[in-house]
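Me: I've got a new model open and I'd like to learn how to read it. Can you walk me through it feature by feature?

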Amino acid sequence: AFVFTFLPLYLANAKANRAVGLHRALLVLVDLLELLRGEGCAEKACTCNIVVDLQEVALFAKDTVNPRVFQATSANVKLVQAGNEVSILLSTQHKERVQLGTWAEDQEFDMPGILRKLERKVDLLEHSLVEPGASEDRDHFAI
């Protein structure tokens, strides 16, 4: 199990920031969970509980002014693990993007994020085909 330190601060900062919001914060949190699992952090730890430090991401959620910059967060982090503790550190370049009002930079570096978004949409479409009434219930959860 992953135990997130600074999770309440992360969610509060995201909710208070109009450029981020709770929906984007949850999407980025899911991306970070997938990254933690994909990197095998649980397998490297000697216990069942892994403590994940979200402090840098929480502060970034407070300060960022561009939704696209925030959504690219998971593609711009480094996981530093020591035993059963993992710190999520933002790249220096991404930290510098925090005040960008617009972001016209090439999005190629965030290909994993784009693919995750596409995968979520495909899953939603598949689910709506299996359960005909399901798509009407999910219209307000557009990704």
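**Reading the model**

Reply: Let's start with a helix: α2 (residues 21–38) has 18 residues and spans 26 Å from its first C-alpha to its last, close to the 26 Å expected at 1.5 Å a residue. The expected span is 1.5 Å times one less than the number of residues. Helices (H or I, at least four residues) and strands (E, at least two) are DSSP runs, numbered from the N terminus. Two ground rules: this is a predicted model, where local features need pLDDT of at least 70 and side-chain atom pairs count only at pLDDT 80 or more, while totals for chains, interfaces and linings use all residues. Residues are numbered from 1 along each chain as its sequence is written, and side-chain values use heavy atoms, with hydrogens and water left out.

Me: Which residues of α2 are buried?

Reply: Buried means under 20% relative accessible area, exposed means over 50%, and partly exposed is in between (1.4 Å probe, protein chains only). In α2 the buried ones are Gly-21, Ala-25, Leu-27, Val-28, Leu-29, Asp-31, Leu-32 and Leu-36. After α2 comes Gly-40, with a positive phi near 75 degrees.

Me: And what does the whole protein look like in secondary structure?

Reply: You get 8 helices and 4 strands, in the order β-α-α-α-β-α-α-β-β-α-α-α from the N terminus. Of its 143 residues, 34% count as buried.

Me: How do I read a surface patch?

Reply: Patches take residues with over 30% relative accessible area and no salt bridge, joining like charges within 9 Å and nonpolar side chains (Val, Leu, Ile, Met, Phe, Trp, Tyr) within 5 Å. A salt bridge is a side-chain nitrogen of Lys or Arg within 4 Å of a carboxyl oxygen of Asp or Glu. Areas are Shrake-Rupley with a 1.4 Å probe, and for residues only the protein chains shown count as cover. Here, Phe-6, Leu-9 and Leu-59 make a nonpolar patch of about 230 Å². Leu-9 sits in helix α1 (residues 7–16) and is partly exposed because its relative accessibility is 34%.

Me: Which residues gather in the patch of negative charge?

Reply: Asp and Glu count as negative, Lys and Arg as positive, with His and chain ends not counted; the charge is placed at NZ of Lys, CZ of Arg, CG of Asp or CD of Glu. The patch gathers Glu-34, Glu-119, Asp-123 and Glu-126. Helix α7 (residues 111–130) gives the largest share, 3 residues. Asp-123 lies in α7, and at 41% relative accessibility Asp-123 is partly exposed.
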